[in-house]
Amino acid sequence: MREHVVGGDFMVGGRIRTLPEVEEGGGEMELVKALEEWGCFRVVNHGVPAELMSEMKAVTAAIFDLPDEIHTPTTYTKYGMGYIRRGLINPFFESLSINDISSPEGFIHKLDGDNIQYIKAIRNLAGFLGRKLMEGHGLAGDLFEGWFYQLRMNKYHFSPESVGSLGSDLHSDPSFLTILQDDENLNGLQVVDKFSGEFVPVDHIPGSLVVNAGDIGKVWSNGRYYNVNHKVCCLKPTIRSSIAFFMLAPTDQKIEAPSELVDSDHPRCYVPLDYKEYRKTRMLRGEITGGVLDLFNSTPN
C-alpha cells in the first residue's frame, strides 16, 4: 500500500460523492473542491496502520476508566484543553485532550510508544493534506509546518434515557482541519449539507477516517472552505467513543489568507486572526457554529 493515497466515497445530501485518489503528483484540485463544496469527506488508504488505530481506541477506553481522583488533577477547560468532566458540557460527554505529546503530564503517561506512533502517523497525514491543498491553490511549501495541534479523546455515556438526545451540540471546529477516528460500532455523527441545509448522517466505513474543515480553514482560504457544522446524536444506549486530531493554528503568527487567494473577485474576507483571541471570543460569546468569524470580517457591517 502506498503511504499516502487518499480517496473514498462520501454521502452528501443523499448522494454518494467520490473523492478520487489524491497522491504525490495529482488530485489536489479534487481535495480543494471537496473542502469548498462539502467541508468534509472520508479517507481510506490514509497510511495510519489499523493496528495503531485499534491500540489507540483501547487506550482511550482505559484512560476514561481510571478513577476520578486521577482525572481531577488534569482538569483544564480553557479553550477546550485538558480533561472535561462528564456533565460540564452535557450529561453524556467527557473528553481528554493532549496538546503537546513531548511534555506528558498527569495521566498522559498511559500513552505508550505505539500511541505516540499513532499521533505521528495522523500528523503525517495532516501534513500530506496540507501540502496537497497548497498545490491545489498554486502554492508551494508545507502549510502546517510549525503549527499547534491537539489530540482529543471523546467518550459518550449513552443510556436508554439519552436515545434521541445530543451527545454534542451543533458546532464547527476551531481548527483548520480535523481528522476523526469515529466509533466503528455506533453511528451518530451528522453534518449540515452546505446547499440544502439538511442534516446528513456520516456512517462509519471500516478503516477510514473523517476529515473536515474548521473555522481556521475558512479564514485561511479566504472564505472558500466550508467550515461544516456537525453534531453527534444518541442512536443507541451504549458507550460511544471517538478520537479527533485538530490541526489548529501557527504557533508564532496570525492566520490570514495568502495574497494569492485575494483578488478583485475574492476580496479579503477576514483581518489577520490571532488564534488565542479567536478562541477566547468564541468561548466567551458561546458562538460555536462559526458565527464568531463575523466579528473578524475585514469589512464589518
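## Contacts and overall make-up

Among contacts (heavy atoms within 4.5 Å) with a separation of 6 or more, 75% are between residues 24 or more positions apart. The model is predicted, so local features need pLDDT of at least 70 and side-chain atom pairs count only at pLDDT 80 or more, while totals for chains, interfaces and linings use all residues. Residues are numbered from 1 along each chain as its sequence is written, and side-chain values use heavy atoms, with hydrogens and water left out.

The protein has 6 helices and 13 strands. Helices (H or I, at least four residues) and strands (E, at least two) are DSSP runs, numbered from the N terminus. Of its 301 residues, 53% count as buried. Buried means under 20% relative accessible area, exposed means over 50%, and partly exposed lies in between (1.4 Å probe, protein chains only). The accessible surface of the protein is about 13,600 Å², and carbon and sulfur atoms make up 50% of that surface. Accessible areas come from the Shrake-Rupley method with a 1.4 Å probe; for residues, only the protein chains shown count as cover.

Helix H1 covers residues 28–37, and its buried residues are Glu-28, Leu-31, Val-32, Ala-34 and Leu-35. These buried residues line one face of H1, because they fall within an arc of 155 degrees when seen down the axis. The arc is that of the directions from the helix axis to the C-beta atoms. Just after H1, Gly-39 has a positive phi of about 80 degrees.

Helix H2 (residues 50–64) has 15 residues, which at 1.5 Å a residue should span 21 Å; the end C-alpha atoms are 22 Å apart, which agrees. The expected span is 1.5 Å times one less than the number of residues. Buried in H2 are Leu-52, Met-53, Met-56, Lys-57, Val-59, Thr-60, Ile-63 and Phe-64. They are on the same side of H2, because they cover an arc of only 165 degrees around the axis. The face turned away from this buried side carries the exposed residues Ala-50, Glu-51 and Ser-54. An α-helix has 3.6 residues a turn, so residues three or four places apart point the same way.

Strand S5 (residues 93–98) is largely enclosed by the rest of the structure, because 6 of its 6 residues are buried. Phe-93, Ser-95 and Ser-97 are on one side of S5, and Glu-94, Leu-96 and Ile-98 are on the other; both faces are covered. In a regular strand the side chains alternate between the two faces of the sheet.

Two strands pair if DSSP finds at least two bridges between them. Strand S4 (residues 83–84) runs antiparallel to S5 and is joined to it by 2 bridges, with Ile-84 opposite Ser-95. S5 is also joined to strand S6 (residues 147–157) by 6 bridges, again antiparallel. Here Ser-95 stands opposite Asn-154.

S6 and S13 pair in the antiparallel sense over 11 bridges, and Leu-151 stands opposite Phe-245 in S13. Strand S8 (residues 177–181) is joined to S13 by 5 bridges and runs antiparallel to it. The bridge partner of Gln-181 in S13 is Ile-243. S13 is mostly covered, with 11 of its 12 residues buried.

In helix H6 (residues 275–285), the residues Tyr-275, Tyr-278, Arg-279, Thr-281 and Arg-282 are buried. They fall within an arc of 165 degrees seen down the axis of H6, so they line one face of the helix. Lys-276 and Leu-284 are exposed on the other side of H6. The buried residues of H6 pack against S7, helix H5 (215–220) and strand S13 (239–250).

An open sheet of 4 strands has the order S7-S12-S9-S10, with antiparallel pairing. Its edge strands are S7 (166–171) and S10 (199–201), each of which pairs on one side only. Strand S9 (residues 189–192) is joined to S10 by 3 bridges, and Gln-190 has Pro-201 in S10 as its bridge partner.

Lys-231 lies in strand S12 (residues 230–233). Lys-231 counts as buried because its relative accessibility is 14%. Lys-231 and His-171 are 60 residues apart along the chain, and their C-alpha atoms are separated by 6.5 Å. Leaving aside neighbours within four places in sequence, Lys-231 is in contact with residues including Leu-166, Ser-168, Gln-190 and Phe-199.
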